[in-house]
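Open the model in a viewer and keep the selection panel at hand. The stops below follow one another by selection.

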Amino acid sequence: EGRKSKCIKASQNILHEHEDRLWRALDEGLEQIRKLINTHVIVDGQVLEKMDKKRMQHLSTCFSHAFFCLLFGDELPEGFLGQQKNTSKKQLFVSSMSAFLDGLCVEGKVEEEALAVLYDDTRDSLVDFPTPAALINVNETKLAIQHIESFLTALKAKCSELSRVRSLFVPPLGETETVMEEERSKAIGCTAMCPCCKSKCSQSEVLHNGRHSCFSHKVQAFGGVHKHGTKKLVFDQCCNSDNFKSTWVKTQVDDKGKKTVVDRLVFPEYAKKYYSDWSFVLEPNTDHVPRRIKRAWMLVGDRIAKHYGMDNNTPSSWKIESKPSENYCGVCLEDFSQAQKDRTGAQRDKHRCRTPCKHYFHVRCIVNVMEERRDSCIPACPVCKKGLDLFNPWL
């Protein structure tokens, strides 16, 4: 207890000694960043209002990493923020701040050179600021969080002063419930399922005018569609060229369980007659089945075939394409462009990155996966489940 008391007292002395300088550093750094954003960037308030918790956490992490670098520079321990070896704190500041601004901007762009200048100017004014080791370690004894407790209390009070005053207007309970129900309906959308492939209707309103439509039909095997008189499933998409040329058969089952063909029509006419509440438009771009749909079928195909009493006649090429590759993202399964592979594209969150376990992803895709799992467990590779706790996709 005596040693603990001595450590806490020593840490409080450090805090009081550097408190004014710490506040000046925070004010200086934040003011520099504010001026930079106001000069070069236009931020849309609606972007912030619609931002989900996961995205907000990611931007917060980027900003805090950038600010740590700005405050302590190269005094930060190696790997403290998960950066790879031989990455300077200046490089980490520029990449983290760029990612933060990319997530907020709707117009304008801050060049990396401007961020580098901001870093150099601010670090010059903080050359004698206490190091992280000086703020954490006293007499070679690792302290708990008590020594910055008063600083955090002051920081919370400062943030409260800067926060917006809450409106005194309180909407009626009935009006609030109506708005919540409307927003919930928009989020869920129409729940009607395509009669052919079981894809969900793309309309955002539950009660929408006109017919149902879908912008992303799956292959018809998901709905149990098969060739007449056989148990072979059909792997065409609803709106592709082959399906629009094919003949569909309408059957009827009598009292004795015997099936009888009652109609034969090409698909557009068949859909118009029997699925009049759905809109099917020829889209030749759907002739190529996306890899994400192939992967989905590989995961559930056996169960679907068994459910409908059909054979799982999956095309042999799909089994090859469903394996991880350096040519497409392991999360969204989209092919990498050459610019994304070379990490030269304008959209940095679309650049290709490689995990320590040698799997490839878009930066944004793997960041989303890591942020989802960070609160509950150590982030892991979605392909092989190896830990990614020190992996930084932006570097």
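With which residue does Lys90 form a salt bridge? Select Asp120: the closest N and O atoms of Lys90 and Asp120 are 3.0 Å apart. A salt bridge here is a side-chain nitrogen of Lys or Arg within 4 Å of a carboxyl oxygen of Asp or Glu.

Before moving on, note that this is a predicted model, in which local features need pLDDT of at least 70, side-chain atom pairs count only at pLDDT 80 or more, and totals for chains, interfaces and linings use all residues. Residues are numbered from 1 along each chain as its sequence is written, and side-chain values use heavy atoms, with hydrogens and water left out.

**Salt bridges**

Stay with the pair on screen. Lys90 is in helix H4 and Asp120 in helix H5, 30 residues apart. Helices (H or I, at least four residues) and strands (E, at least two) are DSSP runs, numbered from the N terminus. Lys90 is partly exposed, at a relative accessible area of 31%, and Asp120 is partly exposed at 32%. The classes are buried under 20% relative accessible area, exposed over 50%, and partly exposed in between (1.4 Å probe, protein chains only).

The salt bridge count comes to 3. For another, select Lys273 and Asp263, whose side chains meet at 2.7 Å, N to O. Lys273 belongs to helix H10 (residues 267-274) and Asp263 to strand E6, so this pair ties together parts 10 residues apart in sequence. Lys273 is exposed, with a relative accessible area of 52%, whereas Asp263 is buried at 13%.

Next select Arg364 and Asp349, a salt bridge with its closest N and O atoms 3.8 Å apart. Arg364 sits in helix H14 and Asp349 in the loop between helix H13 (338-342) and strand E7 (352-354). Arg364 is buried at 14%; Asp349 is partly exposed at 23%.

**Nonpolar cores**

Select Phe93, Met97, Leu115 and Ile366. These have the most contacts inside the largest nonpolar core, which has 37 residues. Such a core is a set of buried Ala, Val, Leu, Ile, Met, Phe, Trp, Tyr and Cys residues joined through side-chain atoms within 4.5 Å. Elements supplying at least two of its residues each include helix H3 (53-72), helix H4 (89-104) and helix H5 (112-124). H3 gives the most, with 8 residues.

Now centre on Phe93. Leaving aside neighbours within four places in sequence, Phe93 is in contact (heavy atoms within 4.5 Å) with Ala66, Cys69, Leu70, Leu115, Leu118 and Tyr119. A second, separate core of 20 residues includes Cys201, Tyr275, Trp278 and Phe280.

**Positive phi**

Select Lys198, in the loop between helix H8 (173-188) and helix H9 (241-245). Its phi is positive, about 70 degrees, although Lys198 is not a glycine. Lys198 is partly exposed, at 33% relative accessibility.

Then select Lys358, in the loop between E7 and E8. Phi of Lys358 is also positive, near 70 degrees. Lys358 counts as exposed, at 56% relative accessibility. Most residues other than glycine have a negative phi.
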